Amino acid sequence: MNYVPGTASLIDDIDKKHLVLLRDGRTLIGFLRSIDQFANLVFHQTVERIHVGKKFGDIPRGIFIVRGENVVLLGEIDVEKPCDAVLQQVSIEEILEEQRLQQQTKQETEKVKLQVLKDRGLSIPKADNLDEY
Amino acid sequence: CFYSALFYSFFKSLVGKDVVVELKNDLSICGTLHSVDQYLNIKLTDISVTDPEKYPHMLSVKNCFIRGSVVRYVQLPADEVDTQLLQDAARKEAMQQKQ
């Protein structure tokens with residue numbers, strides 16, 4: 001990221017409210033305070049938002065430093081675009097419970113899938129590591 | 001240290017066009033290409049998620065920055081790309097690299 005016009009830079013996004021999607025599936029929302037060439041980010045007044053179905057819950061997290069390699073996407077939150085029409089905010093306890101149930105069903109289907117593949121002598125390697133540029 | 005500035009230049013020529021970016025986490029985002037950098041990080045404006053039910057968190061987001069390392073595909077309309085020119089440029093680049 002440099003100062004040549006027309007190139008993708010995060011310098012104009014500083015001090016604005018952003019949403020960042022992380023590689024582990026988490027969503028963080030906060031004010032972007034600092035950036036660098038690796039897309040390492042410093043977030044202020046961060047909130048971790050958990051989505052399950054149409055419900056969501058926010059957990060306050062304070063200041064976050066995100067290592068660039070974990071960033072999938074960074075989006076500027078447009079305050080004029082409403083999202084409350086579709087989504088329903090619930091308490092932290094409730095959303096954590098919903099998430100736990102969702103993880104449980106996911107693990108069970110994953111287990112069944114792996115067993116079926118194993119019976120046929122197949123296995124799918126996990127794509128955990130991303131390439132460097 | 002960089003394999004090619006070729007695709008950086010190629011994407012620069014597509015700024016302003018509508019593209020669909022498919023990420024390695026299977027999320028697909030449609031939007032207008034605003035800018036690109038040497039790492040092939042992409043900035044899109046006026047985005048819409050092609051499968052909004054799976055990813056509700058993007059509802060309030062109009063513009064986004066996508067890290068180059070998480071892109072799987074960038075889908076382009078065929079009439080926006082001169083494939084012959086691109087092929088020739090890639091071939092030339094490959095020849096230069098061999099030396």
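How many salt bridges are counted between chain A and chain B? In this predicted model, the count between the two chains is two salt bridges. One pairing of this type joins Lys62(B) to Asp78(A), with the closest N and O atoms 3.7 Å apart. Eight residue pairs are found in polar contact across the interface of chain A and chain B, both residues of each pair being at pLDDT 80 or more. On the side of chain A that touches chain B, the elements giving two or more residues are S1 and S5 of chain A, and the largest share of that side, seven residues, comes from S5(A). The contact as a whole takes 33 residues from chain A and 28 residues from chain B. The size of an interface is often given as the accessible area lost when the parts come together; for chain A and chain B the buried area is about 2,800 Å², of which carbon and sulfur atoms give 61%.

The nonpolar cores were examined next. The largest of them has 29 residues, and those with the most contacts inside it are Leu73(A), Leu23(B), Ile29(B), Leu44(B), Met58(B) and Ile66(B). At least two residues of this core are supplied by each of strand S1 (17-22) and strand S5 (71-77) of chain A, and likewise by each of helix H1 (6-12), S1, S2, strand S3 (42-49) and strand S4 (61-66) of chain B. S3(B) gives the largest share of this core, four residues. The surroundings of Ile66(B) illustrate the arrangement: with neighbours within four places in sequence left aside, Ile66(B) is in contact with Val72(A) and Leu73(A) from chain A, and with Val21(B), Leu23(B), Ile29(B), Asn41(B), Ile42(B), Leu44(B) and Val71(B) from chain B. A second, separate core comprises twelve residues, among them Val20(A), Leu22(A), Leu41(A) and Phe43(A).

Side chains of opposite charge can pair when their charged atoms come close. A search of the whole structure finds 14 salt bridges over all chains. Within chain A, the side chains of Glu48(A) and Arg61(A) meet in a salt bridge with an N to O distance of 2.7 Å; this pair links distant parts of the chain, Glu48(A) being in strand S3 (residues 41-52) and Arg61(A) in strand S4 (residues 55-66), 13 residues apart. Because its relative accessibility is 7%, under the 20% limit, Glu48(A) counts as buried, whereas Arg61(A), at 39% relative accessibility, counts as partly exposed. A further salt bridge of chain A pairs Glu98(A) with Lys55(A), the closest N and O atoms being 3.2 Å apart, and connects helix H1, where Glu98(A) is placed, with strand S4, where Lys55(A) is placed, across 43 residues. Both partners count as partly exposed, with a relative accessibility of 25% for Glu98(A) and 24% for Lys55(A).

In chain B, Arg72(B) forms a salt bridge with Asp26(B), in which the closest N and O atoms are 2.9 Å apart. Arg72(B) lies in strand S5 (residues 71-75) of chain B and Asp26(B) in the loop between S1 and S2, so the pair ties together parts that are 46 residues apart in sequence. Arg72(B) is partly exposed, with a relative accessible area of 34%, and Asp26(B), at 48% relative accessibility, also counts as partly exposed.

Asn25(B) is found in the loop between strand S1 (18-23) and strand S2 (28-36) of chain B and is partly exposed, with a relative accessible area of 33%. The C-alpha atoms of Asn25(B) and Arg72(B) are separated by 8.7 Å, although the two residues are 47 residues apart along the chain. Beyond its neighbours within four places in sequence, Asn25(B) is in contact with Val72(A) and Tyr55(B), and a polar atom of the Asn25(B) side chain lies 3.0 Å from the backbone nitrogen of Leu27(B). In chain A, the side chain of Ser9(A) reaches the backbone nitrogen of Ile11(A) at 3.2 Å; Ser9(A) lies in the segment before S1 of chain A and is buried, with a relative accessible area of 11%.

Helix H1 (residues 92-119) of chain A has 28 residues, which at 1.5 Å a residue should span 40 Å, and its end C-alpha atoms are 41 Å apart, in agreement with that value. H1(A) is followed by Gly121(A), whose phi is positive, near 75 degrees.

Methods: Residues are numbered from 1 along each chain as its sequence is written. Chains are lettered from A and ligands numbered from 1 in the order in which they are written. This is a predicted model: local features need pLDDT of at least 70, side-chain atom pairs count only at pLDDT 80 or more; totals for chains, interfaces and linings use all residues. Side-chain values use heavy atoms; hydrogens and water are left out. Buried means under 20% relative accessible area, exposed over 50%, partly exposed in between (1.4 Å probe, protein chains only). Contact means heavy atoms within 4.5 Å. A polar contact is a pair of N or O atoms within 3.5 Å; within protein, one must be able to donate a hydrogen and the other to accept it, and residues adjacent in sequence count only if both atoms are side-chain atoms. The expected span of a helix is 1.5 Å times one less than its number of residues. A nonpolar core is a set of buried Ala, Val, Leu, Ile, Met, Phe, Trp, Tyr and Cys residues joined through side-chain atoms within 4.5 Å. A salt bridge is a side-chain nitrogen of Lys or Arg within 4 Å of a carboxyl oxygen of Asp or Glu. Buried area is the accessible area (1.4 Å probe) that two parts lose on being put together, summed over both.
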